[in-house]
Amino acid sequence: MIIATNVQKKFGRLVALDSISLSCNKGQTIALIGPNGSGKTTFIKCLLGMVIPDSGFITVNQENIHRTWEYRQHIGYMPQISRFPDNMTIEQVIDMVRDIRYKPGQQLDEELIEAFDLTRMYGKRMRTLSGGTRQKVSACLAFLFKPDILILDEPTAGLDPVASEILKAKILKEKAKGKLTLITSHVLSDLDDLVSELIYLQEGQLRFHESVAELQKKTGEAKLNRVMAQIMLQKTAQR
Amino acid sequence: MKKIIKYSLLDILRNRVILAYTALLAVVSISLFMMEDNPAKAVMSLMNISLLIVPLVSSIFCTIYLYNSAEFIELLVAQPIRRSRLLWGVYLGMITALLIALIMGIGLPLLILQPTVSGLSLFLTSAALTIVFSSLATLSAVLTRDKAKGIGVSLLLWFYFTFIYDGIVLLVLFQMADYPLETTMIGMSMLNPIDLGRIGMLLQLDISAMMGLTGALFQDFFGNGFGAILVILVMIGWMTIPVLFAIRRFKNKDL
């Protein structure tokens, strides 16, 4: 569904993405991991057209996304830091996005709104919300339009354990429906039962892209953080 | 795009700044008509004040609003919307709000107290300047990432067109006093929307005779059909070119 070819992005002298090529398919749940500043968020922003690559191209559903916008109706995005218009209430924000994005005949998915019990807080203004509640609103908006592709940037950061479990259950449910999900997270244990593939970025370069089963077999470990620790050890040993 | 205009307009109208602006304009225009016996003089004074206030408020308000709606814009760029439509929507929302304030603050008092051609042309000039300076403010807000810098650029543009430019014109006039500069003056007035508005107004008020030979030439040039059309075209240029640049830049901006 998503194919990136030689995507390159520089911010001044800093090379944020160094000819990244990868492909993601339907039904996969992919963890995008890497140290801080490795280009994960920049890559996601390139996918959404928020950052425009210097060279290379990205296709979503076989269509080059350069300067187009229609493809975004297949994407639900939950940003790392959710920023909303301060003066609007939760209800107004959700209604606004719904009003702007809604197409006649489209079915909406309000499961998360119910699961997070957001209707109880509908009247609260965005500026008064805690970081976790903002994340909840952001998650609801990402899932609202039943997109085929979900892009979640640090979804569990700031969420309490209950909310985090609700969100994970929701991701698993969508995965079962054959959707493509891209997740970045630093908390590898959060990703354990969710992901089927790992993409590892470092200093803007793609280090590897492999299925979790393959990696588990290679390293002989079951837990993701153990797997990653093993890989890092092997890499340093090779040097 | 209509929906974006709707939401930004609703957001702005909830803002107290725009209410205060409306009230200020209304108080100024009503009190001027109360104080002056001669309504033509009142229109003249109102013109001088509105040529100062309207561009200032339009440019500052639009710059600050654009920076403050960064969240709104960020939320919507990830949605299936064309980027240019997004900025157009916010821009048109801002102008609509400012024009509503202008209609309430200047338009209605003029309609009630001085429903003449000069009153109408004062209103139209202020409306045009609102759009021109919103457009310039949009450009400076899109070009600079830093809020303080962006507001500074807008203020500086206002200052330039209100004071510095006139200073430069005077300097040229005195330095080149020995040469016939009348046509050059017409050309120079095109480069400043505020001057263009002022000249248009003065000609409406039939006091161009007080401006000497240049005034007669202005009357001759701007008074005929060709001159009037040229002024309108130049004004439209001032309204559209900055915002078109802003939108072009915005399409390629990393957010």
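Me: What makes the crossing of α9(B) and α11(B) left-handed?

Reply: In this predicted model, the crossing of α9(B) and α11(B) is left-handed, because the near helix is turned anticlockwise from the far one by less than a right angle.

Me: Why is α9(B) called roughly antiparallel to α11(B)?

Reply: Helix α9 (residues 193-204) of chain B and helix α11 (residues 225-251) of chain B pack at an angle of about 150 degrees, and their axes are 11 Å apart. Angles over 145 degrees count as roughly antiparallel, so α9(B) is roughly antiparallel to α11(B).

Me: Which residues meet where α9(B) packs on α11(B)?

Reply: From α9(B) come B:P193, B:L196 and B:G197, and they meet B:V231, B:V234, B:M235 and B:W238 of α11(B). By class, this contact has 6 nonpolar residues, 1 polar residue and no charged ones.

Me: What makes α3(B) roughly parallel to α6(B)?

Reply: The angle again. The axes of helix α3 (residues 39-68) of chain B and helix α6 (residues 117-143) of chain B cross at roughly 25 degrees and come within 8 Å. Since angles under 35 degrees count as roughly parallel, α3(B) is roughly parallel to α6(B). The crossing itself is right-handed, and its contact has 14 nonpolar, 11 polar and no charged residues.

Me: How do you know that α7(B) and α8(B) are roughly antiparallel?

Reply: Helix α7 (residues 147-175) of chain B and helix α8 (residues 182-190) of chain B have axes that cross at roughly 165 degrees and come within 11 Å. The cut-off for roughly antiparallel is over 145 degrees, and therefore α7(B) and α8(B) are roughly antiparallel to each other. Here the crossing is right-handed.

Me: What makes the contact between α7(B) and α8(B)?

Reply: On α7(B) the residues are B:Y165, B:V169, B:V172 and B:L173, while α8(B) brings B:M185, B:M188 and B:S189. Sorted by class, the contact of α7(B) with α8(B) has 6 nonpolar, 1 polar and no charged residues.

Me: Why is the pair A:K9 and B:D254 called a salt bridge?

Reply: The closest N and O atoms of A:K9 and B:D254 are 2.7 Å apart. A salt bridge needs a side-chain nitrogen of Lys or Arg within 4 Å of a carboxyl oxygen of Asp or Glu, so this pair of A:K9 and B:D254 qualifies.

Me: How many residues does each chain bring to the contact, and what area is buried?

Reply: Chain A gives 28 residues and chain B gives 24 residues. Together the two chains bury about 2500 Å² between them, with 55% of it on carbon and sulfur atoms. In chain A, the residues that lose the most area to chain B are A:M50, A:W69 and A:R83, together 27% of what that side buries.

How values were computed:
Residues numbered from 1 in each chain as written. Chains lettered and ligands numbered in written order. Predicted model: local features only at pLDDT ≥ 70, side-chain atom pairs only at ≥ 80, totals over all residues. Heavy atoms only, no water. Axes fitted to C-alpha atoms, helices over the stretch in contact; angles between N-to-C directions. Helix = DSSP H or I, 4+ residues; strand = E, 2+ residues; numbered from the N terminus. Parallel < 35°, antiparallel > 145°, perpendicular 65-115°, else oblique. Contact = heavy atoms within 4.5 Å. Nonpolar A, V, L, I, M, F, W, Y, C, P; charged D, E, K, R; others polar. Buried area = accessible area lost by both parts, 1.4 Å probe.
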